[in-house]
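Here are my notes on this one, written so that you can follow along with the model open beside you.

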Amino acid sequence: MKKIEAIIQPFKLDPVKEALKAIGIDGMTITEVRGHGRQKGHKEVYRGQEYNVDLLPKMKLELVVADARLDEVLRTLTGAARTGKIGDGKVFIYEVAEAIRIRNDDRGETAL
Amino acid sequence: MKVLILFVFSMAAMAQTAPSIDARLAALDTAVKSAQSAGDNAWMLTSAALVLMMTGPGLALFYGGLVRRKNVLGTMMHSFILMAVITALWAIVGYSLAFAEGSSVIGDLRYAFLRGVGITPNPDYAGTIPQQTFMVYQLMFAIITPALISGAFAERMKFSAMLLFTVLWALLVYFPMAHMVWGKGGLLNAALGGKIPCFDFAGGTVVHITSGVSALICALYLGKRVGYPHEQMKPHSVVLSVIGACLLWVGWFGFNAGSALAASGLATSAFVATHFGAAAAALGWMFAEWIRTGKPSVLGAISGCVAGLVAITPASGFVQPFPALLIGFLAGIVCYLMATLVKHKFGYDDSLDAFGVHGAGGTLGAILTGVFATSAINDSFKDSAGKTLALGWVDGNAGQVLNQLVGTVIAWGLAIVGTLIILKICDAVVGVRAERDHEIEGLDLSMHGEEGYFFEV
């Protein structure tokens, strides 16, 4: 099992969710986050006072998938989240040691 | 035939009951007076309500949106609680000190506890409305004036100190200034025998210069907020400020057009000038900012509108619509430069630009009133022979500009000296500045034990 952690543009959340649903991925966890990579922030001016806003709002998606589906899910996710401009975000992949469904104690991929 | 009979009958009936011409004229006279009084009173009560709306919610939202999230309630409370504090003070001595005939700088105590202030009009001020209407209308001005100052000490003043400060400020600065400009026998009163007639239709000197200049003194005395200017202190909700500014714009019709103290043509002139001044100033600030920084901000446009309303306040009721546009446009540009260039150059922390907008806009408006005041708009000033007097420079009375300057200097002087003394007293009694930890935590929690926004999961 692999955990996919994707940080994407907030306005790409719905397209990504739809695309993943279309290939049968329903479960995911979403967090509103702020951050930046190479993308520089922007400048705001309030009554002549300049503020540099470099931590920009992003969405963090976390989902765990079976090893066999990883490539397909990644292709779908990055394809739906891409605009081709700086600021599209990043995807990180982790090994998952175990998954447990709390309701009935299912283990491993059946718990996903 | 039928018609003729009816005519004869009705003639006979009239002959029996017709009152004398004199009696009928007297009845007509009473009816006309009562109709005028009803119309004037309806407008003045509406205006009083409009001016209260400027403080809460208008100013509370305008200022509340400009502070950081942790101070939104504390800032709104500054405006709101004055609606209660000044009202009580006004009933006890405020109205009397401002409007009773006394010396040339302060009224006596004949109206203390509103003794004798009933529904009979006071012809010195407004002969067609109950004196209570006049009293409650003027109260609304006394409420908003100290509330304006709160823009300078926002986010760092103790609540107890703020209460004490505003009560003393009303007693030592506002009531005397209101008496000098508007009170019977006041030093600067143009209508009721002042030595130096100074035109201030709705409170350019009394409200905006006094509050704006006092704001600057407060900002200098209190010092900068912790972290200013390095930390992010951007407005937490410009949306609230937009709503507040729009309420101020609407409420200002009561402030200025109501200052005609009647539902008259003069009220219409003041209404029109007010609207034109606000519109032109929004454009002036917006374009100045657009040219200097490349973007026309919403906060800039609404700040400009308020600056224009401030500047047109003394001039409304004296100037034609086109000079009103000009005064507004200039105020938009000048106040923009004050709130951006000048403030940053001198480095004082006037948190919400109470001085940049009210002090600068009020001063500009007071002086320009001397330039553009004309008897074509306001013909109530007459010499002993009953001839209408020339008012401002445009009427050929250039000396009025000097009178306006004297009024301005007195307002500045009183505000500076009064505010310094009051701050010293408050500092000695309760301490004016919030403790550093309290300021960092935010005044909402540290002073009031509440949070403005709590979104339950």
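**Notes on the two chains**

1. Let's start where the chains meet: seven residues of chain A are in contact with 13 residues of chain B. Contact here has a plain cut-off, namely that the C-beta atoms of two residues, placed from the backbone, lie within 7 Å. On the chain A side, strand 3 (42-46) and strand 4 (49-53) are the elements that give two or more residues. Strand 3 of chain A provides the largest share, three residues. Sorted by class, the chain A side has three nonpolar, two polar and two charged residues. (Nonpolar covers Ala, Val, Leu, Ile, Met, Phe, Trp, Tyr, Cys and Pro; charged covers Asp, Glu, Lys and Arg; the others, Gly among them, are polar.)

2. Before going on, some housekeeping. This is a predicted model, where local features need pLDDT of at least 70 and side-chain atom pairs count only at pLDDT 80 or more, while totals for chains, interfaces and linings use all residues. Residues are numbered from 1 along each chain as its sequence is written, and chains are lettered from A and ligands numbered from 1 in the order in which they are written.

3. Now chain A by itself. It has two helices and six strands, and along the sequence they come as β-α-β-β-β-β-α-β. Helices (H or I, at least four residues) and strands (E, at least two) are DSSP runs, numbered from the N terminus.

4. How does chain A's radius of gyration stand against that of a compact globule of 112 residues? The globule would be near 13 Å, but chain A has 17 Å. The radius is taken over C-alpha atoms, and the globule rule is 2.2 Å times the number of residues to the power 0.38. The C-alpha atoms of chain A fill a box of roughly 60 × 25 × 20 Å along the principal axes. Buried residues make up 13% of the 112 in this chain. (Buried means 20 or more other C-beta atoms within 10 Å of the residue's own, exposed means 12 or fewer, and partly exposed is in between; C-beta atoms are placed from the backbone.)

5. Next, find the sheet in chain A. It is an open sheet of four strands in the order 2-5-1-6, with antiparallel pairing. Strand 2 (29-35) and strand 6 (89-95) of chain A are at the edges with a single partner strand each, so one side of each has no neighbour in the sheet. From one strand to the next, the twist averages 20°. Two strands pair if DSSP finds at least two bridges between them.

6. Over to chain B, which has 14 helices and zero strands. Its radius of gyration is 24 Å, close to the 23 Å that the globule rule gives for 457 residues, so chain B is as compact as a globular protein of that length. The box filled by its C-alpha atoms is roughly 95 × 50 × 45 Å along the principal axes. Of the 457 residues of chain B, 55% count as buried.

7. Which angle do helix 8 (residues 265-293) and helix 10 (residues 321-346) of chain B make where they pack? It is about 35°, with the axes 6 Å apart. (Axes are lines fitted to C-alpha atoms, for helices over the stretch in contact, and angles run from 0 to 180 degrees between N-to-C directions.) By class, this contact has 21 nonpolar, four polar and one charged residues.

8. Is Lys424(B) buried or exposed? Lys424(B) is exposed, because 12 other C-beta atoms lie within 10 Å. From Lys424(B) to Glu435(B) is 11 residues in sequence and 17 Å in space, C-alpha to C-alpha.
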